[in-house]
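Dear colleague,

Here is the structure you will be working with. Notes on its charged side chains follow below it.

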Amino acid sequence: MAAKYYCADSENGDHIDDPSEDALFELLSDLNDTDNTFVVIQPDQDDPAWFASVAVLDERGYEIVRRDTTRREHHVTNEIDTGRIAGDLTKWLAARTFQNTA
């Protein structure tokens, strides 16, 4: 069954349809600086209007990119706490989900 709203894919091939905050936390916790350096979350469709990505930085922490072309948003931040990243992304994703179903 395809994702209802969005899916998350990591560099190592992990794929989760409509991931919960806990599932995002697990994906982020599995990131490392050798063979699993990023996670991308986006609608499961061709040419999605938005996406979020989390990538391991060479130094300590993660770079979070949020882009939404329909709202003209493009934010890049750094964070070290995977719990905070997962929570913030869950809220950001919920706003896109509501927008697409309204």
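**Charged residues**

Asp14, Glu21, Asp22, Glu26, Asp30 and Asp88 form a patch of negative charge on the surface. Please keep in mind that this is a predicted model. The biggest contribution to the negative patch comes from helix H1 (residues 21–29), which supplies 3 residues. Asp22 sits in helix H1 and has a relative accessible area of 59%, so this residue is exposed.

The structure also contains 3 salt bridges.

- Arg71 and Asp68 are joined through their side chains, at 3.8 Å from N to O. Arg71 is partly exposed, because its relative accessibility is 35%. Asp68, in contrast, has a relative accessible area of 0% and is therefore buried.
- Asp68 also forms a salt bridge with Arg96, with 3.0 Å between the closest N and O atoms. This pair connects distant parts of the chain, since Asp68 belongs to strand S5 (residues 62–68) and Arg96 to helix H2 (residues 82–101), 28 residues apart. Both Asp68 and Arg96 are buried.
- Glu73 and Arg96 make a salt bridge between their side chains, at 2.8 Å from N to O. Glu73 is in strand S6 (residues 73–79) and Arg96 in helix H2, so the pair ties together parts that lie 23 residues apart in sequence. Arg96 has 2% relative accessibility and therefore counts as buried.

Through shared partners, the salt bridges join Asp68, Arg71, Glu73 and Arg96 into one network.

Regards

Terms used: Residues numbered from 1 in each chain as written. Predicted model: local features only at pLDDT ≥ 70, side-chain atom pairs only at ≥ 80, totals over all residues. Heavy atoms only, no water. Patch = residues over 30% accessible without salt bridge, like charges linked within 9 Å, V, L, I, M, F, W, Y side chains within 5 Å. Areas by Shrake-Rupley, 256 points an atom, 1.4 Å probe, with all protein chains shown as cover. Salt bridge = Lys/Arg side-chain N within 4 Å of Asp/Glu carboxyl O. Lys, Arg positive; Asp, Glu negative; His and termini not counted. Charge placed at Lys NZ, Arg CZ, Asp CG, Glu CD. Helix = DSSP H or I, 4+ residues; strand = E, 2+ residues; numbered from the N terminus. Buried < 20%, exposed > 50% of the residue type's maximum accessible area, 1.4 Å probe, protein only.
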